[in-house]
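Visitor: I have a structure to look at and some questions to ask. Shall we go through it piece by piece?

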Amino acid sequence: MKTPLTFYPVYKDYIWGGSRIPARYARTGAPKVCAESWEISAHPDGESIVTHGRYAGQTLAAMTKHFGADLIGTRAADSKHFPLLFKLIDARERLSVQVHPNERNASLVNGDPKTEMWYVLDAQPNAHLYAGLADNTTPHRLRTAVEKGSAEELLVKFDVRAGEAFFIPGGLVHAIGAGCLIYEVQQNSNTTYRLYDWDRVTPTGDRRPLHIEKSLQAIDWQLSPAQPHNVAREVDTTVVACDFFTLRKRELISTTETRMDGTSFHVIFSERGRSTITASGETITLCPGGSCLIPAAAPSYTIEPDGLTSVLITTL
């Protein structure tokens, strides 16, 4: 297990989704309303399937169980469980106000912990998001605001631009606003508790269920609001580094080689530009919006850009 892997995306047509993912990245198989594209996932709610080569048709979950540390690396807590999930998110409308549990409180709510980060690929004029609670917010104040429909008053709001990144640890209240196109890296979890949904009504006339009690239990009340990290002009920088993953941005104009040490896989996402990636004698082409996984057992890999290329590289 030393050659690059690419996967078929898994699309989600949630009601708040838009159309930029298929339009921007030439995704012919995407639904008309494309809220999310799970680019690389071993989660049962959307499993990635290998597109080519000797492992074509295999799921990432099955390959992780079979190859273990050769695929994901020795740094992983469980060599038989792929630890991360990679998504594209297109918010035509704002998402619900929500929270994910963290390692300390996940057992209290019978959920899986989920820390994530957002990298803003595109933002329409006046696009914004929410990440954190205002000072002196208490469980009682928040519950009352949700019941009165005024929860927005207690959320910390950020105007956003392309090239900004936000770290969203488990336990932080957050919501992606309308007009944001985001690349998300997260723990391999699909546990989300919906605290507030802007009094939204679905096309069938129903309101989506809320999870107020579990949300209040999952909130880490000690967390401060997120702080945007603007890397739009950076050439080579660490965007986010946390206990679960590290994401690095690199702008390339010439071929570069990266040595591997067996401790982690590398997931490469093409933010801008086209490139050729080679590992252990096998070559793939990565177009804008494309992703690939370099197994931890690969000795090295090269990226040959076709002009100025920007990639986001995630490791454990």
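Visitor: Leaving aside its neighbours within four places in sequence, which residues is F82 in contact with?

Guide: This is a predicted model, so local features need pLDDT of at least 70 and side-chain atom pairs count only at pLDDT 80 or more, while totals for chains, interfaces and linings use all residues. Residues are numbered from 1 along each chain as its sequence is written, and side-chain values use heavy atoms, with hydrogens and water left out. Contact means heavy atoms within 4.5 Å. Neighbours within four places aside, F82 is in contact with I40, A42, L60, T64, I72, N188, F265 and L293.

Visitor: Which residues touch the most other members of the largest nonpolar core?

Guide: A nonpolar core is a set of buried Ala, Val, Leu, Ile, Met, Phe, Trp, Tyr and Cys residues joined through side-chain atoms within 4.5 Å. Buried means under 20% relative accessible area, exposed over 50%, and partly exposed in between (1.4 Å probe, protein chains only). The largest such core has 41 residues, and those touching the most other members are F82, Y183 and L293.

Visitor: Which element gives the largest share of this core?

Guide: Helices (H or I, at least four residues) and strands (E, at least two) are DSSP runs, numbered from the N terminus. Several elements supply at least two core residues each, including α1 (20–25), β7 and β20 (266–279). The largest share is four residues, and it comes from α2.

Visitor: Which residue in β7 is the bridge partner of I40?

Guide: Start with strand β3 (residues 36–40), where five of five residues are buried. Three bridges join β3 to strand β2 (residues 10–12), and K12 stands opposite E36. On to strand β7 (residues 84–90): four bridges join it to β3. There, the partner of I40 is F86.

Visitor: Which residue in β12 does Y119 stand opposite?

Guide: Seven of the eight residues of β9 are buried, so β9 is largely enclosed by the rest of the structure. Seven bridges join β9 to β14, with A123 opposite C180. Four bridges join β9 to β12, where Y119 stands opposite A165.

Visitor: Which residue in β16 does A165 stand opposite?

Guide: Strand β12 (residues 164–168) and β16 run antiparallel. Two bridges join them. Opposite A165 stands H229.

Visitor: Which backbone nitrogen does the side chain of E164 reach?

Guide: E164 is found in strand β12 and counts as buried, because its relative accessibility is 7%. A polar contact is a pair of N or O atoms within 3.5 Å; within protein, one must be able to donate a hydrogen and the other to accept it, and residues adjacent in sequence count only if both atoms are side-chain atoms. At 3.0 Å, the E164 side chain reaches the backbone nitrogen of R161.

Visitor: What is the centre-to-centre distance of the aromatic pair Y130 and W198?

Guide: Rings of Phe, Tyr and Trp (its six-membered ring) pair if their centres lie within 6.5 Å; planes under 30 degrees apart count as stacked, over 60 as edge-to-face and the rest as tilted. The count comes to seven aromatic pairs; one of them, Y14 and W16, is tilted at 5.7 Å and 40°. Y130 and W198 also form a tilted pair, with 40° between the planes. Their centres are apart by 5.5 Å.

Visitor: How far is R94 from the ring centre of W198?

Guide: A charge sits over a ring if NZ of Lys or CZ of Arg is within 6 Å of the ring centre and within 35 degrees of the ring normal. K12 lies over the face of W38, at 4.6 Å. R94 lies over the face of W198, at 3.8 Å.

Visitor: Is S224 buried or exposed?

Guide: S224 is found in the loop between α5 (212–218) and β16. Its relative accessibility is 56%, so S224 counts as exposed.

Methods: Pairing = 2+ DSSP bridges.
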